[in-house]
Amino acid sequence: TFCGRLEAEPTQVIFTGASAITFCQYNSMRIASPYWWGAIGDGVTGIGAQLQSAITAAATGRIPLEFPQGRYVANSNVALQTNTILIGMFGQSSIIDLNTVGVLFEGQGRDNIHIMGLTFERLNQDLNMVSFRASGTTPPTNSSIKNCRFLTDGTSVANTATIGIYGTTGLVASSNIEVIDNYIEFSWIGIITKYGHANSKFTLNTLIHRGTAGEGIKIEGGVLGIVSHNIIRMLTGALAALTIESLTANPSAVSNNVIDVSPGTITYGIRIENTPGEGSPVRVLVSDNTLFGNGSNTCIWNGSSTQVDFEFKGNYLYNCVINTFGDRNHIIGNTINGIITGDGITAQGISPVIKGNLVRNTTNCIVGNAASPVRSSIDISNNTCIEFTAVGIRSTRHSNGVILGNSIIHTGATATTG
């Protein structure tokens with residue numbers, strides 16, 4: 001056990017043998033190197049066991065483990081410990097090679113794990129690249145992944161993720177997790193978080209889809225937290241760029257993301273499903289996002305009548321539409337433009353509010369289409385509809401409706417009704 005200061009060259013091996021090295025929590029160590037334990041980055045030597053020794057030892061003293069430039073071949077499982085801090089030579093200089101089949105790189109039931117500036121590579125993605133998981137009643141908390149790069153070639157096993165964060169349903173939840181400013185290539189799912197996310201942030205990431213199916217960011221169960229300022233580009237065959245599913249509590253905000261679902265057959269941009277119904281505390285704000293579609297897909301989808309009091313505000317959609325089924329959804333100040341096959345805005349629940357939107361080049365501009373029998377009120381006010389081919393505004397099976405102050409401008413030759 002070391003309680004003082006240990007100094008050595010970053011590429012020098014100083015610990016050998018089977019004895020465990022530990023550090024006092026209050027030591028004078030500024031940084032340590034994985035080389036000290038024999039975890040050399042020559043791109044050839046398998047160093048899984050040595051890297052595990054380095055991580056375990058450094059965590060005992062809360063000492064950052066800084067990786068010199070090189071490729072580190074993790075040929076066996078690496079278990080991240082509480083108080084693990086891993087720092088790379090930002091960019092592609094410090095690479096963790098996870099191409100050995102079946103190798104895990106994860107923290108289970110640990111907290112205070114921080115990973116910065118490393119590049120991870122798993123070309124044939126048979127497992128997640130990096131995961132934080134609950135263990136029994138201990139959730140992953142207070143952890144972060146920042147300024148990292150994740151590289152893959154598009155080959156994967158179904159439902160594998162580049163970054164996975166998992167609580168346990170009905171038992172424990174992850175919280176205070178930050179995934180910020182990373183470059184993430186993914187084959188199936190870029191980031192998945194399940195059963196948690198309180199006070200968590202997923203922001204400033206660039207996600208590039210390399211596969212033929214899957215989702216960019218998937219939030220499932222628990223509290224959404226903040227998903228903002230991400231760039232997500234999907235390839236053909238994917239389900240959605242961002243899926244929000246089975247939330248249970250506030251706060252929930254999706255804002256200022258740039259999402260490209262224009263290539264090929266991609267169903268959704270932002271997809272919200274199976275979130276609790278009336279009386280639930282869940283409120284989701286989807287605002288100020290920019291989405292690019294292919295002319296026939298749905299960029300914002302709220303797919304259940306139990307998803308109430310959601311707000312879709314200030315989004316810009318090019319070549320795609322908004323379709324909501326939830327009651328009392330507010331669709332305010334959005335711009336929908338492009339050459340679109342379908343209805344610009346469709347609201348299919350009780351008492352929708354559709355205000356201040358600009359919709360251009362659609363089949364029908366705005367449709368309030370409540371299920372039979374006659375439902376409650378609808379408010380369609382101060383919208384602008386331009387260049388539609390069928391109907392400007394349609395309200396079906398609503399009572400106590402307000403349709404007020406809209407500008408309906410048709411410039412073509414095929415429209416049937418304003």
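Trainee: Which cysteine forms a disulfide with C299?

Mentor: First, the ground rules. This is a predicted model, where local features need pLDDT of at least 70, side-chain atom pairs count only at pLDDT 80 or more, and totals for chains, interfaces and linings use all residues. Residues are numbered from 1 along each chain as its sequence is written, and side-chain values use heavy atoms, with hydrogens and water left out. A disulfide here is a pair of cysteine sulfur atoms within 2.5 Å; at 1.9 Å, the sulfur of C299 is paired with that of C320.

Trainee: What is the handedness of the link of C299 and C320?

Mentor: Look at the angle about the S-S bond. It is -90 degrees, which makes the link of C299 and C320 left-handed.

Trainee: Is C320 buried or exposed?

Mentor: Buried means under 20% relative accessible area, exposed over 50%, partly exposed in between (1.4 Å probe, protein chains only). C320 has 0% relative accessibility, so C320 is buried.

Trainee: Why is the disulfide of C365 and C385 left-handed?

Mentor: The sulfur atoms of C365 and C385 are 2.0 Å apart. The disulfide is left-handed because its S-S torsion is about -80 degrees.

Trainee: What is the relative accessibility of C3, which pairs with C24?

Mentor: The sulfur atoms of C3 and C24 lie 1.6 Å apart. C24 is partly exposed at 21%. C3 also counts as partly exposed, with a relative accessibility of 43%.

Trainee: What pattern do the disulfides follow?

Mentor: The whole structure has 3 disulfides. Count the bonded cysteines along the chain, and the pattern is 1-2, 3-4, 5-6.
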